[in-house]
Amino acid sequence: RVPMGPLSLLLALSLLSPRGSAGGSCPPRCVCASNLLSCSQANLNVVPAPLPRFTAVLDLSHNNVTRLRADWAPARLPHLHALLLSHNSLAFVSTEAFTHVPRLRHLDLSSNRLRTLDENLFSDLGELEVLLLYNNEISTVDRTAFENLGRLRKLYLGQNRIARFPLELLREGSRLPQLALLDLSANRLRAVPAGELQALPAWLRDRLYLHNNPLACDCLLFQLLDRGHRRHLSAVVDFQDELRCLQPGPSSTPIRILDLAGKQPLNCSKAQEAVMEAHLGDSVTLGCDSRWQGVRSRHWVTPGGERVLGDGGNGSVVLLANGSLQLRALRPEDAGTYACWVAGPLLNETLYVELLVHNFTLHGPHDTLNTAYTTLVGCILSVVLVLIYLYLTPCRCCCCRGTEKPPAPRDDSINSSVLSTTPNHAGGTREPCGSHMASSAGTGQNGRFKGGGTPPVPARQGPKAQRKVSDPDSVSSVFSDTPIVV
């Protein structure tokens, strides 16, 4: 027999005391690691008791617990935020089962035998964020079962027997205001109100899983899913082969919902969305033209799923006072479909705007130039051509032309010789350049031979001393075979 020391005796007494047992001991057939308590695959028929108060994660999966009564946690567990009860053949859950775990954020009740979700079943879980109820036998869902779940973000109800889900819980927007994912796949839904689903908030409608249901073919449903397919949503793209419906008529062969476009007897047409085009670096404003007056709230959802609330956004995305969304300095990743969610006085409405951002670094410049820019360029080119013509043309002096014939002087024209009342020359010292020119022969007007120029006439005394013999190339020579001396 080993003698017990004082330290060992104190440790044994602490383990035997009720406080030590309830506060820090690990239940039999369970494994405790820090604040984690794992009792998975322990062949348990009931929840072990007592549970340590420090427990934050409790794993009771893969056991034989069939009923979850109100006294499964007789003491309050203030730190418990995750409870795992999957694969337990659980058929009954008391409405008071979660009274002592108000801080629960993750609850897994999947793969059990639950048949109904009674009223106010989860009303004590005000901080619950994720609720897993898939792979059960649920056929009835009470509309108050999810009361007070203001923080619930993900609800998994796939692989059940639900024939009707109370979508009014989602349409009102007050009972599940933060719900962002709803899985209703592999149930018994024969019809869904596509019009009401279209009015749901974009972040919820885009994460609504409806595959593997015996749905009736409907054009509104086709347009709803077609929009999701064009935006590459995983709820549609990943399960497009499982999204099938039954057409009206004797034939009951399921057909893919996305194949209804243009096919008889429904002949569905694709829905058109507002499209806006812009270019890199531009600033655009996306309008949210809602049909409702007296809007209570309004916000946008970006193609990446981010919400832009009324308090504005970052420097590049700003929500204006009139509800429009302003995008500054566009980037290629800004392209996509934007959704504006409007909470009206009666119903909610969601509007879509598809933004196309053209990347000129990949596709070249604009196809057409701006009219004002073209006009400005044309004016500048015209001014340049005029300046070139005025200042950069060759010398007009007859002395610089070599063998070319000088142009006829303006003062020898008919205007200066006939119509002018004053002499054309004011006794200047300018000398003619005819003596420097080489003689040339050629054929003049009327087939007559003419010389290369007109020789100067000696100066005469009198009022007409400055008059010269008219050039044969002047206007007067056109009407006569001989030069006219004025």
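This is a predicted model: local features need pLDDT of at least 70, side-chain atom pairs count only at pLDDT 80 or more; totals for chains, interfaces and linings use all residues.
Colleague: OK, and which residues of α6 are buried?

Modeller: Leu 221, Phe 222, Gln 223, Leu 224, Leu 225, Asp 226, Arg 227 and Gly 228 are buried in α6, meaning under 20% relative accessible area. The helix covers residues 219–230 (a DSSP run of H or I, at least four residues; strands are E, at least two).

Colleague: What follows α6?

Modeller: His 232 follows α6, and the phi of His 232 is positive, near 60 degrees.

Colleague: Changing topic, where is Trp 300, and is Trp 300 buried or exposed?

Modeller: Trp 300 sits in strand β19, which spans residues 297–301, and Trp 300 is buried, with a relative accessible area of 0%.

Colleague: So what lies around Trp 300?

Modeller: A polar atom of the Trp 300 side chain is 2.8 Å from the backbone oxygen of Gly 323. Cys 340 is 40 residues away from Trp 300 along the chain, yet their C-alpha atoms are separated by 4.4 Å.

Colleague: And the sheet with β14, in what order do the strands come?

Modeller: The order is β14-β15-β16, an open sheet of three strands with mixed pairing, where two strands pair if DSSP finds at least two bridges between them. β14 (215–216) and β16 (255–256) each have a single partner strand, so one side of each is left without a neighbour in the sheet. β14 and β15 (residues 244–246) run parallel and are joined by two bridges, and Ala 216 has Leu 246 in β15 as its bridge partner.

Colleague: Last one: what does the pLDDT of the protein chain average?

Modeller: The protein chain averages a pLDDT of 75, and 67% of the residues score at least 70, on a confidence scale from 0 to 100. Over residues 457–486, however, the pLDDT is below 50, and beyond near neighbours in sequence that stretch has 30 contacts in the model (heavy atoms within 4.5 Å).

Conventions. Residues are numbered from 1 along each chain as its sequence is written. Side-chain values use heavy atoms; hydrogens and water are left out. pLDDT is the predictor's confidence in each residue, from 0 to 100. The expected span of a helix is 1.5 Å times one less than its number of residues. Buried means under 20% relative accessible area, exposed over 50%, partly exposed in between (1.4 Å probe, protein chains only). A polar contact is a pair of N or O atoms within 3.5 Å; within protein, one must be able to donate a hydrogen and the other to accept it, and residues adjacent in sequence count only if both atoms are side-chain atoms.
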